[in-house]
Number of protein chains: 2
Amino acid sequence: MSTLHNIALKNTDNGFTLSFQDRLILSHTVETPCLWIGAGEADIEMFRGNFSIKDKLNEKITLTEATIAAQSAGWAIRFTRGDTVSATLLVGTDKQGRLELKLKNDATSHNRIWLRLAAQPEDHIYGCGEQFSYFDLRGKPFPLWTSEQGVGRNKQTYVTWQADCKENAGGDYYWTFFPQPTFVSTQKYYCHVDNSCYMNFDFSAPEFHELAFWEDNATLRFECAENYVDLLEKLTGLLGRQPELPDWVYDGVTLGIQGGTEVCQQKLDTMRNGGVKVNGIWAQDWSGIRMTSFGKRVMWNWKWNSELYSQLDERIPHWNGEGVQFLSYINPYLASDKDLCEEASRRGYLTKDAHGKDYHVEFGEFYAGVIDLTNPQAYEWYKEVIKKNLIALGCGGWMADFGEYLPTDTFLHNGVSAEIMHNAWPALWAKCNYEALEETGKLGEILFFMRAGYTGSQKHSVMMWAGDQNVDWSLDDGLASVVPAALSLAMTGHGLHHSDIGGYTTLFDMKRSKELLLRWCDFSAFTPMMRTHEGNRPGDNWQFDADAETIAHFARMTTVFTTLKPYIKDAVAQNAKSGLPVMRPLFLHYEDDAQAYTLKYQYLFGRDLLVAPVHEEGRRNWTLYLPQDSWVNAWTGETHRGGEVTVDAPLGKPPVFYRQHSEWADLFDTLRHI
Amino acid sequence: MSTLHNIALKNTDNGFTLSFQDRLILSHTVETPCLWIGAGEADIEMFRGNFSIKDKLNEKITLTEATIAAQSAGWAIRFTRGDTVSATLLVGTDKQGRLELKLKNDATSHNRIWLRLAAQPEDHIYGCGEQFSYFDLRGKPFPLWTSEQGVGRNKQTYVTWQADCKENAGGDYYWTFFPQPTFVSTQKYYCHVDNSCYMNFDFSAPEFHELAFWEDNATLRFECAENYVDLLEKLTGLLGRQPELPDWVYDGVTLGIQGGTEVCQQKLDTMRNGGVKVNGIWAQDWSGIRMTSFGKRVMWNWKWNSELYSQLDERIPHWNGEGVQFLSYINPYLASDKDLCEEASRRGYLTKDAHGKDYHVEFGEFYAGVIDLTNPQAYEWYKEVIKKNLIALGCGGWMADFGEYLPTDTFLHNGVSAEIMHNAWPALWAKCNYEALEETGKLGEILFFMRAGYTGSQKHSVMMWAGDQNVDWSLDDGLASVVPAALSLAMTGHGLHHSDIGGYTTLFDMKRSKELLLRWCDFSAFTPMMRTHEGNRPGDNWQFDADAETIAHFARMTTVFTTLKPYIKDAVAQNAKSGLPVMRPLFLHYEDDAQAYTLKYQYLFGRDLLVAPVHEEGRRNWTLYLPQDSWVNAWTGETHRGGEVTVDAPLGKPPVFYRQHSEWADLFDTLRHI
């Protein structure tokens, strides 16, 4: 046995074990090997961001023999199978002392790797980006590929079946805008993989986790900690952290409105007259609209449409003076039939097809060119579009939408296969937005929010939103799904998350009910940002100004939210400083409580609030779990010691508890009187 | 190049080619190899005959090098990959001069084989047992595993989705009761594999067919012919042929009736009084009933229930005197709560579980033991049950149902894994029935009919029926699906096929309409047997005696059928003699007509009738294709030379044409006057 930098490499009978800070990471014998290599041909089809991914697997070979050679700063392990196939694993530490495993197949024609990490049956696993259906990932495989998250996401639901039949869009439990090859084990280590190829992390087996890579190499990093809070600090030390949010975010709700300047003004007035705290208007159709059968779509030509939004340039400063931001919309594609696309095409800034011509993606009754973010000139040009057309106009922020649609058969300036760049794309897109803020000195003033992400989004996407929930109560694609999404992202190092109040996807027979809108509003008051969305078919959905009761409800909940401003701001600052997420799984602070590891529909909001959103229709009470502590019901003042409790949960009073001895207890006390 | 018995084995640059009678069978080089071996662990779950089958694939290794050694009667080709893995292929002919390829992995731990047969892009492929959705199998993989055929069988239909959600029973295009590793290529050869393991025949690629075997060995046989008729004669020379049908089969319809002796008498009288030709009563509930949520189920205790069927022993000879047979029902399972099962258990005749106890299969709200047909004593005992309880009672036949449900985790007397025996089971079950007839001298008098099958069913299952169609118009699981089922079985060497008139599966919102029953009746008059089924929920379905018009319709169509008796009988005799099926694909007799290879919903009935059943609701005319010949419309006398024609197709006059110069033309002429 030899040890170096906390790594213990031990020869066994016919193999070896590798441990890092006493965690068993690899265990290899001829009979129970840890490494396979192979060759496959990816068969990937995309239809509107929905992917069918198959592997035409040509070979999969167990590497049975392992020969260890010590090197100056670690070891080289050569894995072989007879005299024909081999791969090399370099074991060492990076400059920060993380365990680093570098795998490389000796023949590049072997473009598949399966690595088994040692596991214990009782381990829980969290992370892998934004996971909507599962929080504890143990027991299932998780393919990691950024895509639409699916409509329904559960083959047992009628909505999913309809979406599958109509556009192969129903999705499944692992479909996500923001996958990431990063996970946290309850052995208190994280594992992060540097690559961006298609991967499948399979946590089904009791004794190992099998990580599959569709590439001829992979670099894994591990770090350990004494507790989860420290572990997340280390993880975000590697991945980066989000800066603090603009102060205005805490001052009310951002109203999603479409239809032009006067409609915005009118709805703003209605809401403010009803006592609603409004911090902004988010008008995704600021660049104009296009009608499709899916509903009204934004015109993908990123500049102010002065016809639909007349006098917007004058109105923005006026609104700003009243504490109201104007937020717009952009994505990394350009409508093929419009002038920005024409300019990008002329400059050679679009990705190409096999014949060297511009690649146009079908987005649902229209096409768009893909801005080639790997081309430094294209990247800078697009950043200038943001600076000139959005920032200079006075936008306080925007939705930086999409990023998941890079087709695998397009050709890029940097020469890297689009199959490898596909996952990396959302983070590049985030970086482009981030730098536009940084270079104009607007970081911390302007807010953009994204749904797509990958490694790098921790640093460059300043706020995530949960994407396109259905306007329904389904576990896998409704209100409920936002909570595991936020928590799994938290365990992947991204600590700022919110969602469309009321959900978005309005298809088939789905229509947003009043109750759903109000429950979602209740929930969002206990997230770092409140923002509404009309949905893709606004006329089918209950909206924030639909009746006086709804307006009064928003008045109440925005008051709750703004009352909590100092507390939320403090939590966001902690996230910026040490990567401690704002919405946290309970086990982060109650690690000895076994039940805390199994909860996916309740969370800690900062250190001292526990929130369990009501996510079923027609309920007026709710059952939840409290870990051992002194808890005070935020609405009744009743105290609890812990365990399962059932509480009244009328609309406007979501199940929320605060810690009795919190330094914020006086602030929390005031909630009762709103 | 060396040749022997029509086999040409030729060394090429870095490989070889193997041809048989000028058909290229194998082509191997280091870069484009023909053989892979590997190791996997089958993950097979069964729920009521519906299987979820996955392979935990541990290895898949290309065998790149091939070394040929001549042997006394052929060659041994040793395939290797470096110094670690290898397999051997013995090439030779069997006693009948068929090409024989015997593959064997050199390590039994390598329990997977993938073999690529050479193909041409333009080849069509037929067979693989009873295929309901595709007739030409080119372009898709076909897993070969006997199972329920699925309810809906198309993920785009609401029925399939409901069945999937409720019991994982929706199925897919390849689900079938009767799979078989046997196919015919339009290069005019057949390929048959002797094994019974799980296989997947993938005809997707233009240049090869990839055959996957979940076993460490495989034996393939090939034969060629100048035309398809000769080829089927050779194929059935290998597999066996069905004897001629009892003469009474051609004398009318077999009425599926339940409810007891008097109900049978009453319905028989009603139908005969209405002019319907009736050859038999088929009463599946002769052994009693059990109520479940699926509907009325038969009591699986195979002996006359004299309570429900009082005086049946006297009534049978009475009916026989009137030309009416009594048909009953049996399957290879015994209801766990009844006395026959108790006896089989006491004798040790049931298959076992891992603890050596009797294995009981869940069949939908009841359990049944599996009679161990690999135990010669159990097999003989069960044959005696048939002889004593069915034959001695005077049954003219029975449905020999099921055979697909052998669980893979049960243990058998012969020591062979149930995973390997699973596919073989239906043929064993057929053999048991066949021998009961043979040993009592009743072959050709008594008729049993089966839905499940495998290699061997050609010889031992004397009549197939298409299993459980939905009572609907769907292509994949309704009336239409019966035609490709019959034709693909024909190309697999089984030439006798019929179906439940009106379909069977009555679930969800499906109810059999009058129109469907009548169209199915029209179709069945042009198959070798007419037999009705009430369906699993008789009360939801239109039945043969539901109104006077329906009875008159049956009167007309049974008259058509019985009028054709000498012609059908002759076609059945040809099938018994030379394996020329009764329902034939058009290309069997029009092999130069390219379009004949693509038709799956029309067929030749014998040599001289062309039938195109109407399989859409509400149609009163029908478009079909006639190959170049002189065709006479059976109902109008109008003649056609060939090509696409549209004809009137009222109820009772299905699109049927006869060859003008047929020796049977006078008989066919009489149809116009019925």
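A salt bridge, as I use the term, is a side-chain nitrogen of Lys or Arg within 4 Å of a carboxyl oxygen of Asp or Glu. Side chains of opposite charge can pair when their charged atoms come close.

Some ground rules. This is a predicted model, where local features need pLDDT of at least 70, side-chain atom pairs count only at pLDDT 80 or more, and totals for chains, interfaces and linings use all residues. Residues are numbered from 1 along each chain as its sequence is written, chains are lettered from A and ligands numbered from 1 in the order in which they are written, and side-chain values use heavy atoms, without hydrogens and water.

By the salt-bridge rule, the count over all chains is 92. Take A:Glu322 and A:Arg272, whose closest N and O atoms are 2.6 Å apart. A:Glu322 lies in the loop between helix H4 (312-321) and strand S23 (325-330) of chain A, and A:Arg272 in helix H3 (residues 261-273), so the pair ties together parts 50 residues apart in sequence. Helices (H or I, at least four residues) and strands (E, at least two) are DSSP runs, numbered from the N terminus.

Buried means under 20% relative accessible area, exposed over 50%, and partly exposed in between, with a 1.4 Å probe and protein chains only.

Next, a bridge between A:Glu59 and B:Arg81, with the closest N and O atoms 2.3 Å apart. A:Glu59 sits in strand S6 (residues 50-62) of chain A and B:Arg81 in strand S8 (residues 74-81) of chain B, so this pair joins two chains. A:Glu59 is buried at 3% relative accessible area, and B:Arg81 is buried at 11%.

Salt bridges also form a network in chain A, linking A:Glu380, A:Lys383, A:Glu384, A:Lys387, A:Lys431, A:Glu435 and A:Glu439.

Finally, the annotated domains of chain A. UniProt, in an unreviewed entry, lists "Glycoside hydrolase family 31 N-terminal" at residues 57-158, a span that is 1% helix and 52% strand. The record places "Glycoside hydrolase family 31 TIM barrel" at residues 262-554, where the chain is 34% helix and 15% strand. UniProt positions are in the numbering used here, feature names are shortened, and annotations may be inferred rather than shown by experiment.
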